[in-house]
Amino acid sequence: MDYIDAHTHIVFRETITEELMRFALREWGAPHETLLMSVKDVVRILDDAEIDYVGIMAFPARKLGTVKEDYAIRVINAVKDYADRFAVIGGVEANELTIEETRYWLEKQYEAGISAIKVHPPHMWLKPNAYRPEEGGLKQLELVYQFAEDHGLPVYIHTGTSAFSRARNKYGDPIFVDDVAVDFPRLTIIMSHVGRPNWIPTAFQLIRIRPNIVADLSSIPPRRVLEYLPRLTEIGDKAIYGSDYPGPGVHDIKANLREFLSIPIPREVMRKIVDENPRKVLKPLSRNR
Ligand SMILES: [Zn+2]
């Protein structure tokens with residue numbers, strides 16, 4: 001069996017920027033060892049872990065001082081020789097750009113080959129439903145979802161807290177994702193982290209009742225998944241595995257996967273979560289060929 005890891009923050013030696021290095025120094029105290037891996041190093045790790053492909057987050061977060069909209073395109077260029085091993089998740093900061101800029105970057109990233117779009121409310125300082133008239137009417141954000149829906153791209157929405165120093169955790173409440181599910185019924189929404197640790201019941205209920213919301217189990221320590229989600233098997237048809245590597249506490253892609261595989265749930269449910277479901281919602285870069 002070959003696996004999919006649908007959520008990582010791998011940064012390659014080939015695409016590291018000064019901003020990202022500064023961010024790593026501020027948040028980790030030293031450049032994280034993974035910032036120094038080459039694309040080839042990562043492919044070797046994936047081979048060893050029997051992982052078919054990984055999703056790599058490459059979305060902008062100006063408030064955190066990480067990257068801007070061109071970064072996703074740089075990552076795609078860096079991995080294009082291994083197009084069946086990577087899916088690059090782009091994004092635009094709807095509350096930082098004009099409508100024209102938003103459209104420009106969505107089209108640019110789509111042409112380059114992004115596999116999905118990420119909306120990170122605590123890092124972008126924005127509610128996932130900020131396009132609603134009663135929530136401020138941010139047209140740029142409506143365009144992001146509309147574009148994704150029209151082009152068959154799933155949208156990852158971070159839910160739950162973020163420990164980074166400039167994150168605003170009030171935006172992590174999954175309840176605001178409900179509007180997106182209702183207003184964009186053909187859009188696949190990947191609800192990252194299932195609201196962990198403090199909004200799990202809200203997130204779990206939305207995943208159960210909204211057909212277009214999928215659960216992304218990344219960043220929940222594997223040994224605690226059943227503690228957080230005792231009814232995981234009930235959402236086994238719409239849950240996907242991700243490691244969140246190299247996020248806090250995740251030091252090894254392969255070890256995290258092995259630990260996840262040892263969770264005591266029926267093997268057919270496990271196979272869906274680590275293989276069948278992610279394959280359906282997240283396509284690798286090679287889908288464009
Ligand atoms: Zn993440």
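This is a predicted model: local features need pLDDT of at least 70, side-chain atom pairs count only at pLDDT 80 or more; totals for chains, interfaces and linings use all residues.
Reader: OK, and what span should α11 have, and how far apart are its end C-alpha atoms?

Author: Helix α11 covers residues 267-281, and at 1.5 Å a residue its 15 residues should span 21 Å, which agrees with the 21 Å between its end C-alpha atoms; the expected span is 1.5 Å times one less than the number of residues.

Reader: Which residues of α11 are buried, and what do they pack against?

Author: The buried residues of α11 include Val-269, Met-270, Ile-273, Val-274 and Val-281, along with Asp-275, Asn-277 and Pro-278, buried meaning under 20% relative accessible area, exposed over 50% and partly exposed in between (1.4 Å probe, protein chains only). They pack against β1, β2, β6, β7, β8 and α10, contact being counted for heavy atoms within 4.5 Å.

Reader: Switching to the sheet: in what order do the strands run?

Author: The 8 strands form an open sheet in the order β1-β2-β3-β4-β5-β6-β7-β8, with parallel pairing, and two strands pair if DSSP finds at least two bridges between them. β1 and β8 stand at the edges with a single partner strand each, so one side of each is left without a neighbour in the sheet.

Reader: Is β3 enclosed or open?

Author: Strand β3 (residues 86-90) is largely enclosed by the rest of the structure, because 5 of its 5 residues are buried. Phe-86, Val-88 and Gly-90 lie on one side and Ala-87 and Ile-89 on the other. β3 pairs with β2 in the parallel sense over 4 bridges, and Phe-86 is the bridge partner of Val-54.

Reader: What else does Phe-86 contact?

Author: Beyond its neighbours within four places in sequence, Phe-86 touches residues including Phe-12, Val-39, Leu-46, Ile-56, Pro-284 and Leu-285. Phe-86 and Tyr-145 have the most contacts inside the largest nonpolar core, which has 99 residues; such a core is a set of buried Ala, Val, Leu, Ile, Met, Phe, Trp, Tyr and Cys residues joined through side-chain atoms within 4.5 Å.

Reader: How many salt bridges are there, and which parts does Arg-258 with Glu-50 tie together?

Author: There are 25 salt bridges, each a side-chain nitrogen of Lys or Arg within 4 Å of a carboxyl oxygen of Asp or Glu. Arg-258 and Glu-50 meet at 3.9 Å, N to O. Since Arg-258 lies in helix α10 and Glu-50 in the loop between α2 and β2, the pair ties together parts that are 208 residues apart in sequence.

Reader: And Glu-69 with Arg-62: what is the distance, and is Glu-69 buried or exposed?

Author: That salt bridge between Glu-69 and Arg-62 is 2.7 Å, N to O; Glu-69 is buried at 2% relative accessibility, whereas Arg-62, at 24%, is partly exposed.

How values were computed:
Residues are numbered from 1 along each chain as its sequence is written. Side-chain values use heavy atoms; hydrogens and water are left out. Helices (H or I, at least four residues) and strands (E, at least two) are DSSP runs, numbered from the N terminus.
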